[in-house]
Amino acid sequence: MKLTIIGCSGSMSGKDSPASSYLLQAEGKDESGLQRTFSIVLDFGPGAMGRLLRYVDPAMIDAMFFSHLHADHCADMVGMQVYRRWYPEGALPQIPVYSPGDGAARVRGLSADDPAETYETEFDFHAVGPGNIVHVGPFSVEFFAAYHTVPALSLRITGPSEDPDLGRPAVLTFTGDTDTCDSVIDAERDADLVLSEAAFEEGRDTVRGVHLTGVRAGQMAAEAGAKRLVLTHLQPWTNPRKNAADARSVFDGDVHVASAGDVYTL
């Protein structure tokens, strides 16, 4: 699997990055047995649509997954809908979209479309929750409850490894927005890479039930036995060096801070 950071700014787009969005790709066989690259998108916040164009034609996206439906994680679905409906060579096929809650209603609200608009030619919306598992090409995506201010999920994604010595499928966990909770630790269990939000700073942000700090992200990854930790969803006023240092103080594995355009292989 190959992970490309499309956007990693928390709560809003930043001066150097779109808001939360990630591209995950892997080789697999389609229903006809043809080997090809499968591409899925995790979250699609402000600025993600334009930046995605650097890495893949949006027409080639196989599915979209949303950790939750706050605007900083889904606002550019409006752009994706326009791209698919009005593509110059003809409307693009429908793609599946998985989210907690009513994804179609959320997009309709963002775009101010008529209540009769269903987006059925562009998107096939599915509501998912903890315990559900979705298969897309070589990917298996399992959903776990997260701890946030709205219904939210963490995603545990299993797929083919690019490391021939690993000898098993690779596991990536995307926490989505969350505070510390046991179900997210379960999602991270023995993961090869944890893509963890860390919007808050230790000692500065005291409200609970919203976001992680570097310390809390590191503690969860350590308890889960994860191998690598990538901090993301850092707000423009959050110090990435502090949060990385805080995570390293409690987690012995590799710690990175996500930047737009970074690529990680599993």
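Start by selecting Met-1, Leu-3, Phe-65, Phe-143, Ile-157 and Leu-172: of the 31 residues in the largest nonpolar core, these touch the most other members. A nonpolar core here is a set of buried Ala, Val, Leu, Ile, Met, Phe, Trp, Tyr and Cys residues joined through side-chain atoms within 4.5 Å. Buried means under 20% relative accessible area, exposed over 50%, and partly exposed in between (1.4 Å probe, protein chains only). In soluble globular proteins, nonpolar side chains tend to be buried together.

Before you click on: this is a predicted model, where local features need pLDDT of at least 70, side-chain atom pairs count only at pLDDT 80 or more, and totals for chains, interfaces and linings use all residues. Residues are numbered from 1 along each chain as its sequence is written, and side-chain values use heavy atoms, with hydrogens and water left out.

Now zoom in on Phe-143. Skipping residues up to four places away in sequence, its contacts (heavy atoms within 4.5 Å) include Phe-65, Tyr-98, Val-128, Pro-130, Ile-133, Leu-153 and Leu-155. Then colour a second, separate core of 22 residues, with Ala-191, Ala-224, Phe-251 and Val-255 among them.

Next stop, Ser-21. Select strand E2 (residues 21-29) and you'll find Ser-21 in it; strands (E, at least two residues) and helices (H or I, at least four) are DSSP runs, numbered from the N terminus. Is Ser-21 buried or exposed? Ser-21 counts as buried because its relative accessible area is 1%. Show its side chain: a polar atom there sits 2.8 Å from the backbone oxygen of Asp-43. Beyond four places in sequence, Ser-21 also contacts Ile-5, Ile-6, Gly-7, Val-41 and Ala-48, among others.

With a relative accessible area of 77%, Lys-15 is exposed. Its side chain makes a 2.9 Å polar contact with that of Asp-16 (a pair of N or O atoms within 3.5 Å; within protein, one must be able to donate a hydrogen and the other to accept it, and residues adjacent in sequence count only if both atoms are side-chain atoms). Draw a C-alpha distance from Lys-15 to Val-141 and you get 31 Å, for residues 126 apart along the chain.

Finally, zoom out. The protein chain has seven helices and 14 strands, and its C-alpha atoms fill a box of roughly 55 × 45 × 35 Å along the principal axes. Buried residues make up 54% of the 266.
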